[in-house]
Amino acid sequence: MEPLFLIVEDDSKIRNFIKFSLKSHQYKCLETSTGKAALNILSTEPVTTIILDLGLPDMDGLEIIKQVRTFSDIPIIVVSARDQDTEKVEALDAGADDYLSKPFSIKELLARIRVVLRHTCALKNDGLSVYNLADLEIDLARHKVTLKGKEIHFTPIEFKVITLLLKNYGKVLTHNFILKEVWGSSIGNDVQSLRVFMANIRRKIEENPAEPRYIITEVGVGYRFADE
Ligand code: CA
């Protein structure tokens with residue numbers, strides 16, 4: 001299916017910027033400035049990705065994410081102010097796929113779009129069990145991780161964490177999401193223990209854990225596995 005983007009943004013400058021960026025890459029798009037119109041378009045047009053501003057004049061963007069998730073799992077990229085970490089986390093936990101912080105560059109926009117398009121394709125084409133990224137190789141079927149050809153030992157939990165990040169590479173995952181997927185909901189919001197696990201994993205795979213190559217920290221939000 002050909003990608004069709006829906007831009008929902010009431011700031012016309014940002015809307016035009018996104019539109020021209022998409023069009024310059026031959027992506028088709030529709031646009032609107034209100035939540036109600038967005039939901040209308042979604043019920044009639046074959047939209048494949050939504051780029052959504054959270055602060056709309058008639059509706060809270062968060063409400064739109066929740067409504068869309070009742071009938072569709074199409075990718076939603078949220079556009080948010082840079083200092084609104086709580087807002088980003090809420091949007092991601094409500095079902096958004098990723099976010100862009102204002103102001104953002106064409107490069108950032110296209111990087112986020114590449115990731116959602118790739119994950120949309122990957123769903124139809126899974127079964128991939130060996131991932132390679134730079135010096136790192138992870139074999140999911142054999143539970144084996146090698147760095148520069150040398151095998152690295154992971155505890156079962158560490159392996160679960162890295163597998164989750166890897167399966168979503170390029171995409172931001174919130175602390176809550178990782179905790180829920182790896183430990184189930186019982187651990188609650190124990191972000192501190194997650195940090196400890198991440199530090200251990202980084203010590204094993206990162207040449208310089210202070211400037212991670214593979215596991216990127218999204219401050220106040222979560223983690224992202226590098227995609228290139
Ligand atoms: Ca706005």
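Predicted model: local features only at pLDDT ≥ 70, side-chain atom pairs only at ≥ 80, totals over all residues.

1. Donors to a metal are taken here as N, O and S atoms within 2.8 Å of it, or 3.2 Å for Na, K and Ca, and because water is not among the atoms, sites may look incomplete. By that rule the protein donors of the calcium ion are Asp10 (OD), Asp53 (OD) and Gly55 (O), which lie 2.2 to 2.3 Å from the ion. Along the chain these donors follow the spacing D-x42-D-x1-G. Asp10 belongs to the loop between β1 (4–8) and α1 (12–24) and Gly55 to the loop between β3 (49–53) and α3 (61–69), so this pair ties together parts that are 45 residues apart in sequence.

2. Residues are numbered from 1 along each chain as its sequence is written, and side-chain values use heavy atoms, with hydrogens and water left out. The helices (H or I, at least four residues) and strands (E, at least two) are DSSP runs numbered from the N terminus.

3. Strand β5 (residues 98–102) has four of its five residues buried, so it is largely enclosed by the rest of the structure. Two strands are said to pair if DSSP finds at least two bridges between them, and strand β4 (residues 76–81) pairs with β5 in the parallel sense over five bridges; within this pairing Ile77 stands opposite Asp98 of β5. Together with helix α4 (residues 85–93), β4 and β5 make a right-handed β-α-β unit, where right-handed means that, with the strands pointing away from the viewer, the path from the first strand over the helix to the second runs clockwise.

4. A backbone feature worth checking concerns Lys102 and Pro103, which are joined by a cis peptide bond with omega of about -5 degrees. Pro103 lies in the loop between β5 and α5 (106–124). As background, most residues other than glycine have a negative phi, and most peptide bonds are trans.

5. The strands β6-β7-β8-β9, in that order, form an open sheet of four strands with antiparallel pairing. Its edge strands are β6 (130–133) and β9, each of which pairs on one side only. Neighbouring strands of this sheet are turned by 25 degrees against each other on average, direction ignored. Four bridges join β6 to β7, and Leu133 stands opposite Leu136 in β7.

6. Two loops of this region deserve a look. In the loop between β7 (136–139) and β8 (144–147) one finds Ala141, which is exposed with a relative accessible area of 63%. His143 lies in that loop between β7 and β8 too; His143 has a positive phi near 55 degrees and is exposed at 55% relative accessible area. Lys148, in the loop between β8 and β9 (150–152), has a positive phi near 50 degrees and counts as exposed at 58% relative accessibility.

7. For the helix pairs, axes are lines fitted to C-alpha atoms over the stretch in contact, and angles run from 0 to 180 degrees between N-to-C directions. The axes of helix α6 (residues 156–167) and helix α7 (residues 175–183) come within 10 Å and cross at roughly 130 degrees. That makes α6 oblique to α7, given that angles under 35 degrees count as roughly parallel, over 145 as roughly antiparallel, 65 to 115 as roughly perpendicular and the rest as oblique. Helix α2 (residues 35–44) and α3 pack at about 20 degrees with their axes 11 Å apart, and are therefore roughly parallel to each other.

8. Finally, strand β12 (residues 222–225) pairs in the antiparallel sense with strand β10 (residues 172–174) over three bridges, Val172 having Arg224 as its bridge partner in β12. Strand β11 (residues 215–218) is joined to β12 by four bridges, also antiparallel. β11 and β12 form a hairpin with three residues between them, and Gly220 in the turn has a positive phi of about 75 degrees.

How values were computed: Buried < 20%, exposed > 50% of the residue type's maximum accessible area, 1.4 Å probe, protein only.
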